[in-house]
Amino acid sequence: MTGTPPRPVAGRALTALAGVVVFGALLLPNDVDLITPAAFLGVPVEALFAATLVLAVPARIRPALAGLIGSGLGAVTVLKVLDMGFFATLNRPFDLLSDWRNLANAAIFVRQAAGEGGAIAAGVAAALLAVAVVALTSWAVARLVRCVVVPHRRAAIATIAVGTAVWTACLGAGARFVPDVELASDSTATLALYRALDVRRDVLDLGRFATEVPVDPFRATPDDQLLTALRGKDVVFAFVESYGRVALDDPQLGPPTRALLDDGTKQLEETGFASRSAYLTSSTTGAGSWLAHATFLSGLWIDSQHRHDALEHTDRQTLVTDFGRAGWRTVGVMPGVFLDWPEGAWYGYDRIYDFSQLGYQGPRMSFATMPDQYTLKAFEELERARTDRGPLMAEIPLVTSHAPWTPLPPFLPWDEVGDGSVYDFLDGQTEQPEAILTRDPARVREDYARSIRYSLTSLVSYVQTHGDDDLVVVLLGDHQPSPVVTGTTENREVPISIVAKDPAVLDRISGWRWQDGLRPGPHAPVWRMDAFRQELLQAFSDTVHGP
């Protein structure tokens with residue numbers, strides 16, 4: 001009696017596991033919110049195509065082809081995992097051309113929290129996990145080809161034919177087990193195709209960007225005609241981290257923030273200050289503050305890392321160089337910068353104060369590093385309190401409202417802030433930004449709103465305490481916060497306010513039709529963030545230029 005001996009149970013189990021790995025990887029969504037049991041019930045057309053291709057090629061090529069298919073599937077699976085993280089934090093997928101820097105920034109956060117050893121361990125673990133995924137899918141595809149597709153050629157061909165018919169019928173009928181989950185799946189192939197097209201689009205975008213950079217109506221303006229209506233003023237551009245429109249419009253978060261802004265408007269009016277407000281559409285959302293800063297300062301739309309990197313290799317003028325040309329001392333007060341910051345040299349500040357140069361002796365608090373009240377106090381003591389100076393232009397990111405929005409320092413009397421050691425009681429309470437993904441969403445949203453109110457309180461009090469006739473403050477958000485706060489939205493708007501005691505300053509922007517006070521209303525003007533530089537230079541310079 002002849003015949004093939006039955007396969008060992010372990011062998012059949014491994015083959016079944018290989019099938020689970022391959023079909024699971026093919027059907028895995030790239031957004032955590034879409035991962036449900038129903039998502040894995042589709043018929044993946046990629047499996048039918050791959051099996052057909054394997055059977056069509058000569059036997060000697062099959063091992064190499066199986067390895068190529070398996071490693072490609074593994075690479076796309078890694079991309080899906082990256083997408084999950086980016087959708088959760090930035091409400092967008094991972095950008096293959098631009099987002100590697102964001103991974104480097106993640107490593108910096110880990111190093112800050114866990115030290116050099118922890119950062120190295122996390123990096124090695126992430127790399128090994130990516131390699132393991134590719135190795136696992138490569139093994140799974142090779143095993144299915146070797147143990148199922150090739151030895152059972154006739155059955156495989158019949159299965160492909162039936163599967164193709166079922167897939168086509170499901171596609172034509174739009175068949176679904178549940179809404180938004182189609183039985184005829186091509187999600188992995190579509191993802192790979194769209195990402196390839198995205199890379200091509202980004203490369204073409206760099207070409208377009210190169211034509212936008214030289215367009216600058218104020219580049220040839222004589223220095224003595226720039227910003228003449230602000231001469232003698234200290235101009236502070238204060239970016240409140242993650243201060244997005246959601247902080248004002250959200251039904252739960254908005255009322256106390258709006259009340260605080262209205263109260264702040266009254267407090268400033270009592271000390272002689274007036275304000276005007278509107279909205280800007282940021283070039284980024286959820287994170288990527290440096291993209292918003294570059295957009296605001298350069299007057300160019302910097303919505304990707306590849307544009308940001310390209311900008312640093314140009315001689316584009318920015319608000320920093322504009323004020324510098326016009327005679328201001330330009331400073332960057334950067335509490336969140338604690339490593340090399342090559343952008344600072346490109347911007348051309350006269351002086352940059354990073355974390356190590358601000359004299360802070362309190363506890364580090366995740367990315368926020370130090371309370372905003374301390375940052376403003378340090379700026380006052382290091383720069384504005386000096387008697388041997390001319391007018392200042394300063395860019396100051398206020399970072400207490402950076403995720404994870406806890407711990408929140410208390411607002412203190414200014415004479416109690418000292419060197420920051422007063423905040424020592426917060427030591428050990430630090431969390432990393434990704435902690436917002438695991439905490440109770442309602443608590444996260446409230447922590448966010450409280451941090452925004454702290455930052456705004458600090459800034460309003462700073463103007464009350466240290467402001468004079470020559471202080472002009474431009475207060476704005478850099479981007480909307482994480483989707484855990486905003487939910488699913490395409491809105492990228494951030495509030496912006498200009499505060500000044502000299503009425504002549506606000507008279508110069510009367511044509512902007514911005515609304516009175518620190519709180520822009522529902523119908524306040526909305527500009528793109530890249531429009532601000534030109535509008536400011538037009539309003540306050542002697543020579544008026546068109547676009």
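Predicted model: local features only at pLDDT ≥ 70, side-chain atom pairs only at ≥ 80, totals over all residues.
## Helix α8

Helix α8 covers residues 254-270. At 1.5 Å a residue, its 17 residues should span 24 Å, and the end C-alpha atoms are 24 Å apart, so the two values agree.

The buried residues in α8 are G254, T257, L261, G264, T265 and L268. Seen down the helix axis, the buried residues fall within an arc of 105°, so they line one face of α8. The face turned away from that buried side carries exposed K266 and E270. What do the buried residues of α8 pack against? Their partners are α7 (246-249), β6 (274-281), α14 (441-466) and β11 (493-500). Just after α8, G272 takes a positive phi of about 95°.

## Helix α1

Helix α1 runs over residues 9-27 and has 19 residues. From first C-alpha to last it reaches 27 Å, close to the 27 Å expected at 1.5 Å a residue. Its buried residues are G11, T15, A18, G19, V21, V22, A25, L26 and L27.

## The second largest pocket

The second largest pocket holds about 870 Å³ of space. It is lined by 30 residues, and the closest to its centre are E46, A47, L48, A50 and A51.

Several elements build this lining. Helix α2 (45-56) gives the largest share, 9 residues. Elements that each supply at least two residues include α1, β1 (43-44), α3 (62-90) and α4 (100-149). Helices α5 (153-173) and α6 (187-212) also each supply at least two.

## The loop between β9 and α14

The loop between β9 (392-398) and α14 holds P404, W405 and P407. The peptide bond from A403 to P404 is cis, with omega near 20°. The bond from T406 to P407 is also cis, with omega near 0°.

W405 has a positive phi near 65°, in a residue other than glycine. Is W405 buried or exposed? At 3% relative accessibility, W405 counts as buried.

## The loop between β5 and α7

S242 sits in the loop between β5 (234-240) and α7. Its phi is near 65°, a positive value in a residue other than glycine. S242 counts as buried, at 2% relative accessibility.

## Cysteines

A disulfide is a covalent bond between the sulfur atoms of two cysteines. How many disulfides does the model have? With a cut-off of 2.5 Å between cysteine sulfur atoms, the count comes to 0 disulfides.

C147 is buried, with a relative accessible area of 13%. C170 counts as buried at 14% relative accessibility. Both values fall under the 20% cut-off for buried residues.

Note on methods
Residues numbered from 1 in each chain as written. Heavy atoms only, no water. Helix = DSSP H or I, 4+ residues; strand = E, 2+ residues; numbered from the N terminus. Expected span 1.5 Å × (residues − 1). Buried < 20%, exposed > 50% of the residue type's maximum accessible area, 1.4 Å probe, protein only. Arc of directions from axis to C-beta. Contact = heavy atoms within 4.5 Å. 1 Å grid on protein atoms, 1.4 Å probe; cavity = no way out; pocket = protein on both sides within 12 Å on 5 of 7 lines; lining within 4 Å. Points joined across faces, edges and corners; volume = space filled by probe spheres on them.
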